[in-house]
Amino acid sequence: MEGLDSLVRDCEGRGQACSLKELDEIRIEFLGRKGKLAQSMSLLGKLDNSDKPAAGKKANEVKTFITDLLDKWQAGLLAAEKSQTLERFDPTMPGRKPWAGSLHPVTLVMDEICEVLTGLGFEHAAGPEVENDWHNFEALNIPPEHPARDMQDTLYVSDKIVLRTHTSGMQIRSMLGRKPPLAIIAPGKVYRRDSDLTHTPMFHQIEGLLVDTNVSMADLRGTLTVFVRQLFGQGTEVRFRPSFFPFTEPSAEVDISCVMCGGKGEIHGETCRVCKGTGWVEILGCGMIDPNVFKSVGYDSELYTGFAFGLGVERVAMLKYGIGDLRMFFENDVRFLEQFA
Ligand code: DAH
């Protein structure tokens, strides 16, 4: 009995526990499985039977008392800790601005281009990035020995399956099983085995295709001129330069007056970095659909004519926003990305 009483005094005397950790240690010391109370209680068995009930009762009382005492200390310590953190809270400090997300510049430009083109009546089409040889090459008048199929450019999944190297395969997918007139755009990711300062293994293109009776090169020029001026501003000069693509004949590349120097080729007497002094920058490839492509999809090239064009989205984004380094688009540096919010 005396042992139990002294246990209470002993514990009360520890009233200085100044941390929750210390309190835990005290709890273990007194109430733990091998603690002081447990030790006292193990002596109970040695008492006379007549003394056991009173001693057992006492032991229980002591246990309750110590438990309550420690709980009370704990509540005190928790309250103190809380008030300490509250003291450190300065309500006059300016709040932290929540970060607002924003669209990626490639997405922004892609959306804008699609908006202009759907505004002109083009319909949106989507297709697979893993493409077969026929859609990506053969049906587009690119025969097996053509340099465009060189292993250096194409990422092969297997012998006859590739990661699409351009969105032009969507011309074929859109025409198959459908009759003209049709006007579609197909935006999406394309892949090439190429990686340096100005090339990334994945980038984005937008393909355009229009087929009808009596479509002429004048329609192509008119459509692309309207498109480019909506995208880069009404004052933009446009020129068509003869070029070659297997799936168009004739083919052309479209240049616009340099967005950086306004076509002057220099800024404050220095050669413009963007157009390298020429005053022009290339933005897309285009042409009249080659009769061989119509043959692939079963269109009568005596009856129908059409045009196609393809442009690189990253390239347009670089010109529109004055971004000098292609890698910016893929590094996802928040300081870069948040400028487009
Ligand atoms: N597919 C071409 C490329 O990836 C771009 C292109 C050029 C698309 C001319 C066309 C076109 O539709 O008519 O370089």
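These legends go with close-up views of one predicted protein model. Residues are numbered from 1 along each chain as its sequence is written, and side-chain values use heavy atoms, leaving out hydrogens and water. Local features need pLDDT of at least 70, side-chain atom pairs count only at pLDDT 80 or more, and totals for chains, interfaces and linings use all residues.

**View 1. The two domains of the chain.**
The protein chain is divided into domain 1 (2-88) and domain 2 (105-340). These bounds come from an automatic or database domain assignment. Taken over C-alpha atoms, the centres of domain 1 and domain 2 are separated by 79 Å.

**View 2. Helix α8 and its packing partners.**
Helices (H or I, at least four residues) and strands (E, at least two) are DSSP runs, numbered from the N terminus. Helix α8 covers residues 217-232, which makes 16 residues. From first C-alpha to last, α8 reaches 22 Å, close to the 22 Å expected at 1.5 Å a residue. The expected span is 1.5 Å times one less than the number of residues. Which residues of α8 are buried? They are L220, T223, L224, T225, F227, V228, L231 and F232. Buried means under 20% relative accessible area, exposed means over 50%, and partly exposed lies in between (1.4 Å probe, protein chains only). An α-helix has 3.6 residues a turn, so residues three or four places apart point the same way. The buried residues of α8 pack against several elements, including α5 (105-119), β7 (238-245) and β8 (248-257). β11 (280-289), β12 (305-312) and α10 (313-321) are also among these partners. G233 follows α8 and has a positive phi, near 110 degrees.

**View 3. F227, a buried residue of α8.**
F227 sits in helix α8. F227 counts as buried because its relative accessibility is 0%. What does F227 contact, leaving aside its neighbours within four places in sequence? The contacts are I113, V116, L117, L120, L284 and L311. Contact means heavy atoms within 4.5 Å. L43 lies elsewhere: F227 and L43 are 184 residues apart in sequence and 96 Å apart in space, C-alpha to C-alpha.

**View 4. C114 in helix α5.**
C114 is found in helix α5. Its relative accessible area is 14%, so C114 is buried. Not counting residues up to four places away in sequence, C114 touches I185, P187 and I206. C114 and I185 are 71 residues apart along the chain, yet 7.5 Å separates their C-alpha atoms.

Most residues other than glycine have a negative phi, and most peptide bonds are trans. The peptide bond from P180 to P181 is cis, with omega near 5 degrees. P181 is in the loop between α7 (169-175) and β5 (182-191). Another cis peptide bond joins E249 and P250, with omega about 0 degrees. P250 belongs to strand β8. N141 is not a glycine, but its phi is positive, near 65 degrees. N141 lies in the loop between α6 (133-136) and β3 (156-158). N141 counts as partly exposed because its relative accessibility is 24%. H268, also not a glycine, has a positive phi of about 50 degrees. The loop between β9 (266-267) and β10 (270-271) holds H268. Is H268 buried or exposed? H268 counts as exposed because its relative accessibility is 81%.

On a 1 Å grid over the protein atoms alone, a pocket is an open set of points where a 1.4 Å probe fits, with protein on both sides within 12 Å along at least five of seven lines. Lining residues have an atom within 4 Å of a point. Grid points are joined across faces, edges and corners, and a volume is the space filled by probe spheres set on the points. The largest pocket holds about 1,600 Å³ of space. Of its 49 lining residues, the closest to the centre are H199, F203, E282, G312 and R315. β6 (202-212), β8, β11, β12 and α10 each supply at least two lining residues. β11 gives the largest share, seven residues. The lining divides into 24 nonpolar, 14 polar and eleven charged residues. Ala, Val, Leu, Ile, Met, Phe, Trp, Tyr, Cys and Pro count as nonpolar, Asp, Glu, Lys and Arg as charged, and the others, Gly among them, as polar.
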